[in-house]
Amino acid sequence: MSDEIKALAASVGAVCGQPAATHWDALEGLGVTLLPVPEDRGGAGSDVATTGAVLRTLGRHSASVPLVETALLGGWMLSANGHDVPAGPLSAAVAGSDVELVRQQDGWTMSGRLPRVPWAGDASRIIVLAAAADGDHLVALDPASAHLEPGHNIAGESRDDVVLDDVALNDAQVLPVTEASGVTREAFRQRGALGRALLMSGAAERVLELTVEQISQRVQFGRSLGAFQAVQQQVAQQAGEVAATRVATEAAALALDADGRAGLAIAAAKVQAGVAAGAVARVGHQLHGAIGFTDEHELHRCTTRLWAWRDEYGNEDEWAGRLGRLTLAGAGDDLWPMLTRTS
């Protein structure tokens, strides 16, 4: 990690120490909310790897902000299709087959349900990838034009159902998706999975730090917990999972920056992050005892996010299946170089 990225992460960490209600405005002030979006579309023109360092910092601090949806999803879909990205927090979703986007004489209408949309009620716009009769379109949906059924994940973060009842849209809100943009449902899910895995990497690192502090300070039978070999073995397992998750997520972000085709690396990263979530949280709570579940303690804020983010954009079982299929698709002469990166 370069000195510049370390300084950026430190600045984001300082923002996270402020009241939660100020986080988004402060992050916008730092210029990180649209880091990977091209400058001519309103962003900073940076890359996914740098955005990953910011997401990891947000995960360490259990910050509840829609940076994945704004920078990696909504901002990406708009800018990739040649459109400016509006200011403010964005949400993003893919419409299912039950959502109808229909051209009318004087515009468009949209009907159906978008389940568990992250931050729908907090977003200035929900950028929806939806199918119409003439192909895929992006819909810049004003949340106020829909009915929101509030919901939350296990960490208490907003995951609302968006109910659309013949919502009227003008032509400026419905934008065709070009083939050259690379915006597809699969690419959306991959980028969402990578975003969550990067957040999980940061949260897992913080759980490890809290656990090391706990076993260093707590005394049992006249000795610190960290002096017991059985405890050391558990924390070593925890540290191994944290390190593997960081390496996998950083590699996936670099792969996405390199050529945009990072399916194998993202699948591996989401699998590793999901496996780590279970092991890291288990050891953390076992060695903290009941105090780790109390409202006053930081641990449960990290672990509930690990459990929630583990399932979002596909859990490790789904991505393990994808990883297997991608690996088999590379069978033959290309399989060994693909697995080992040797020539």
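Start with the domain assignment: colour domain 1 (1-63), domain 2 (88-181) and domain 3 (185-340) separately. Keep in mind that this is a predicted model.

**Stop 1: domains 2 and 3**

Hide domain 1 for now. The C-alpha centres of domain 2 and domain 3 lie 31 Å apart. Their contact draws 14 residues from domain 2 and ten residues from domain 3.

**Stop 2: the largest pocket**

Select Pro115, Arg116, Pro118, Arg189 and Tyr313. Of the 16 lining residues, these are the closest to the centre of the largest pocket. The pocket has a volume of about 410 Å³.

Where does the largest pocket lie? Domain 2 (88-181) and domain 3 (185-340) both give residues to its lining, so the pocket lies between them.

Now show the elements around it. β1 (90-94), β3 (107-118) and α5 (185-217) each give two or more residues to the lining. Which of the elements gives the most? That is β3, with five residues. Colour the lining by class: nine residues are nonpolar, one is polar and six are charged.

**Stop 3: the largest cavity**

The structure holds one cavity of 30 Å³ or more. About 50 Å³ of space lies in the largest cavity.

Select its lining: Ala63, Ser64, Val65, Val68, Glu69, Trp119, Glu157, Arg159, Arg196, Leu199 and Trp309. By class, the lining has six nonpolar residues, one polar and four charged. Domain 2 (88-181) and domain 3 (185-340) both contribute to this lining, so the largest cavity lies between them.

**Stop 4: strand β5**

Move to residues 135-141, which form strand β5. Is β5 largely enclosed or open? Five of its seven residues are buried, so the rest of the structure largely encloses the strand.

Strand β4 (residues 125-132) pairs with β5 in the antiparallel sense, over seven bridges. The two strands form a hairpin, with two residues between them. To see how they line up, select Ala132, which stands opposite Gly135 in β5.

Definitions and conventions: Residues are numbered from 1 along each chain as its sequence is written. This is a predicted model: local features need pLDDT of at least 70, side-chain atom pairs count only at pLDDT 80 or more; totals for chains, interfaces and linings use all residues. Side-chain values use heavy atoms; hydrogens and water are left out. On a 1 Å grid over the protein atoms alone, a cavity is a set of points where a 1.4 Å probe fits but cannot get out, and a pocket is an open set with protein on both sides within 12 Å along at least five of seven lines; lining residues have an atom within 4 Å of a point. Grid points are joined across faces, edges and corners, and a volume is the space filled by probe spheres set on the points. Helices (H or I, at least four residues) and strands (E, at least two) are DSSP runs, numbered from the N terminus. Ala, Val, Leu, Ile, Met, Phe, Trp, Tyr, Cys and Pro count as nonpolar, Asp, Glu, Lys and Arg as charged, and the others, Gly among them, as polar. Domain bounds come from an automatic or database domain assignment. Buried means under 20% relative accessible area, exposed over 50%, partly exposed in between (1.4 Å probe, protein chains only). Two strands pair if DSSP finds at least two bridges between them. Contact means heavy atoms within 4.5 Å.
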